[in-house]
Amino acid sequence: MQTNTSTKIAIITGGAKGIGLGIAQRFHQENYEVIILDRDKIALQECEAQLKDKNQYSFFLCDVSNYQQVTDTFNEIIVRFGRIDALINNAGVAVFKQVEEVTFQDWSNVMATNLNGPFLCSQAAFPALLLAQGSIVNIASISGVRASTLRVAYGTSKAALMHLTKQLAVEYGNQGVRVNAVAPGPVETDMAKLVHSADIRTSYKDAIPLARYGSIEEIANAVYFLCSPQASFINGQIIAVDGGFDAAGVGLPSLRE
Ligand SMILES: NC(=O)c1ccc[n+]([C@@H]2O[C@H](COP(=O)([O-])OP(=O)(O)OC[C@H]3O[C@@H](n4cnc5c(N)ncnc54)[C@H](O)[C@@H]3O)[C@@H](O)[C@H]2O)c1
């Protein structure tokens, strides 16, 4: 394989909306050619319609949990673009239910996208990442850092993704490809609208020292930093971008009274 362009290439999975779209725009600001993968055709079309400088973006319909689609998509990307400098495994799904109510299908769907997806995409991208000495960032969650109610499938998938990050950081890092993760706190996106009930929103405000949701831009900045030369000795780390949630113990609400 040979690189056939000097422009850096970033791939963002689940990039048609939400945090993924913000990450795509952040890399675009830094003059990357940005490749957005998503399994939602309508969201991909809407995203394409709203982006300026469309010639710096490419769009692929791809379900990251599907081995054949991932293989075909990355093969096509490598033939067309010849290099991959950054892979952002952002595509994720959430099911918030009590343990007894989580069906095996729910569990399997969450693991398929949140864990199998990053594994499959990292494997498929690795030869090109090796050539470019690029890096991977996995989008985990504070739900993988701390156990919480309703998150048996989601939280477990994200905790496993954090270990996958360390595992890949050891094996790929040994060959010059860095792998890190960002664990976001709550961010107002379609996913949050789907699973964050009024109770969950109140609990987050109580548990986060900065007492607010994060913005898409705040997550995207951390992801870009981890891929940049400024992070050249950072490998195998989970950076919580969570307003201090991971640092806090008991007592915050009473401190505020
Ligand atoms: N929003 C939050 O509060 C929050 C907090 C912590 C972590 N996260 C994580 O951030 C990431 C992005 O979340 P978001 O809030 O932007 O979600 P979102 O639902 O707004 O967007 C997710 C995108 O991923 C795509 N997607 C889902 N499954 C896919 C698959 N199998 N293949 C390809 N594309 C797929 C969807 O079509 C959608 O476009 C997820 O991994 C999520 O777990 C979100």
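The legends below describe close-up views of a predicted model. In this predicted model, local features need pLDDT of at least 70 and side-chain atom pairs count only at pLDDT 80 or more, whereas totals for chains, interfaces and linings use all residues. Residues are numbered from 1 along each chain as its sequence is written, and side-chain values use heavy atoms, with hydrogens and water left out.

View 1. The ligand sits in the largest pocket, where a pocket, on a 1 Å grid over the protein atoms alone, is an open set of points with protein on both sides within 12 Å along at least five of seven lines, and where sitting in it requires more than half of the molecule's atoms to lie within 2 Å of its grid points. Around the ligand there are 28 residues, of which Ile 19, Asp 38, Asn 90, Tyr 154 and Thr 189 come nearest; a residue counts as near if one of its heavy atoms lies within 4 Å of the molecule. This shell divides into twelve nonpolar, nine polar and seven charged residues, with Ala, Val, Leu, Ile, Met, Phe, Trp, Tyr, Cys and Pro taken as nonpolar, Asp, Glu, Lys and Arg as charged, and the others, Gly among them, as polar. At least two shell residues are supplied by each of α1 (18–29), α6 (152–173) and α7 (190–195), helices being DSSP runs of H or I with at least four residues, and strands runs of E with at least two, numbered from the N terminus.

View 2. A polar side-chain atom of Thr 189 lies 2.5 Å from an oxygen atom of the ligand, while an N or O atom in the side chain of Asp 38 is 2.6 Å from a ligand oxygen. For Ile 19, a polar backbone atom is 2.8 Å from an oxygen atom of the ligand. The protein covers 95% of the 830 Å² of accessible area that the ligand has on its own, as computed by the Shrake-Rupley method with a 1.4 Å probe.

View 3. Ser 143 belongs to helix α5 (residues 142–145) and is buried, because its relative accessible area is 7%, and buried means under 20%, exposed over 50% and partly exposed in between (1.4 Å probe, protein chains only). Its side chain makes a polar contact with the side chain of Arg 151 at 3.2 Å, such a contact being a pair of N or O atoms within 3.5 Å in which, within protein, one must be able to donate a hydrogen and the other to accept it, and residues adjacent in sequence count only if both atoms are side-chain atoms. Leu 150, in the loop between α5 and α6, has a positive phi of about 70° although it is not a glycine.

View 4. Val 223, in helix α9, counts as buried because its relative accessible area is 0%. Val 250 is found in the loop between β7 (238–241) and α10 (252–256) and counts as exposed because its relative accessibility is 88%.

Notes. On a 1 Å grid over the protein atoms alone, a cavity is a set of points where a 1.4 Å probe fits but cannot get out, and a pocket is an open set with protein on both sides within 12 Å along at least five of seven lines; lining residues have an atom within 4 Å of a point.
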